[in-house]
Amino acid sequence: MIELAIASAFVSAMGYQQAGRAAKMEGALTARNIKTQAKIRKLQALQEHNSIMENLQSFKDTNAAISGVKGRDMGSDRSLKAIMKKADKDNIQTIQRANYQALAEGSKFAQQAQMTQLKASNLSKAYRLKAFGSIVSGGYKASTMV
């Protein structure tokens, strides 16, 4: 009977140890996925920036073409200069807004990854403590059977 109590405690402890390792591995995998999402979002932010810049250039080219057709000089026409200046200002604001949003999301992803790793580490420690408790409990049960 004593051997059975010791074997039971050992099997239980091994199960907790495996659960602890699995929790740590799951946390690492989840954190890696979150970091990948952050990289993807960073790439999306770059693509968004490039799209905004392309739209601005297209706007400027269109205005240059229209001013050429109308026979207006882009360098001396104050209304065209004002339109271009406003477009540049609006473009800068749009880019800044997009960059701030991307930074906030990047920060959120970094925090999620750290939190996931911390939770996995804590869960792994809890399972190790349960394994130790299982061995102590098994030892106690075995000692009371004598």
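**Helix packing and salt bridges in a predicted model**

Leu4 counts as exposed because its relative accessibility is 56%, where exposed means over 50% relative accessible area, buried under 20% and partly exposed in between (1.4 Å probe, protein chains only). The structure is a predicted model, in which local features need pLDDT of at least 70 and side-chain atom pairs count only at pLDDT 80 or more, while totals for chains, interfaces and linings use all residues. Residues are numbered from 1 along each chain as its sequence is written, and side-chain values use heavy atoms, with hydrogens and water left out.

Leu4 is placed in helix H1, residues 2-70, and Ala104 in helix H2, residues 78-145; helices here are DSSP runs (H or I) of at least four residues, numbered from the N terminus. Two packed helices are described by the angle between their axes and the distance between the axes. The axes of H1 and H2 come within 7 Å and cross at roughly 180°, these axes being lines fitted to C-alpha atoms over the stretch in contact, with angles running from 0 to 180 degrees between N-to-C directions. H1 and H2 are therefore roughly antiparallel to each other, a term used for angles over 145 degrees. The contact of H1 with H2 has 33 nonpolar, 18 polar and nine charged residues, where Ala, Val, Leu, Ile, Met, Phe, Trp, Tyr, Cys and Pro count as nonpolar, Asp, Glu, Lys and Arg as charged, and the others, Gly among them, as polar.

Side chains of opposite charge can pair when their charged atoms come close. A salt bridge is defined as a side-chain nitrogen of Lys or Arg within 4 Å of a carboxyl oxygen of Asp or Glu, and by this rule the count comes to four. One of them joins Asp88 and Lys60, with an N to O distance of 2.9 Å; this pair links distant parts of the chain, since Asp88 lies in helix H2 and Lys60 in helix H1, 28 residues apart. Asp88 is partly exposed at 27% relative accessibility, and Lys60 is partly exposed at 24%.

Because Lys86 and Asp90 are four residues apart in helix H2, about one helical turn separates them. A further salt bridge is formed between Glu48 and Arg41, whose closest N and O atoms are 4.0 Å apart. Glu48 is partly exposed at 33%, whereas Arg41 is buried at 12%. Arg41, Glu48 and Glu105 are linked in a network of salt bridges.

How values were computed. Helices (H or I, at least four residues) and strands (E, at least two) are DSSP runs, numbered from the N terminus. Angles under 35 degrees count as roughly parallel, over 145 as roughly antiparallel, 65 to 115 as roughly perpendicular and the rest as oblique.
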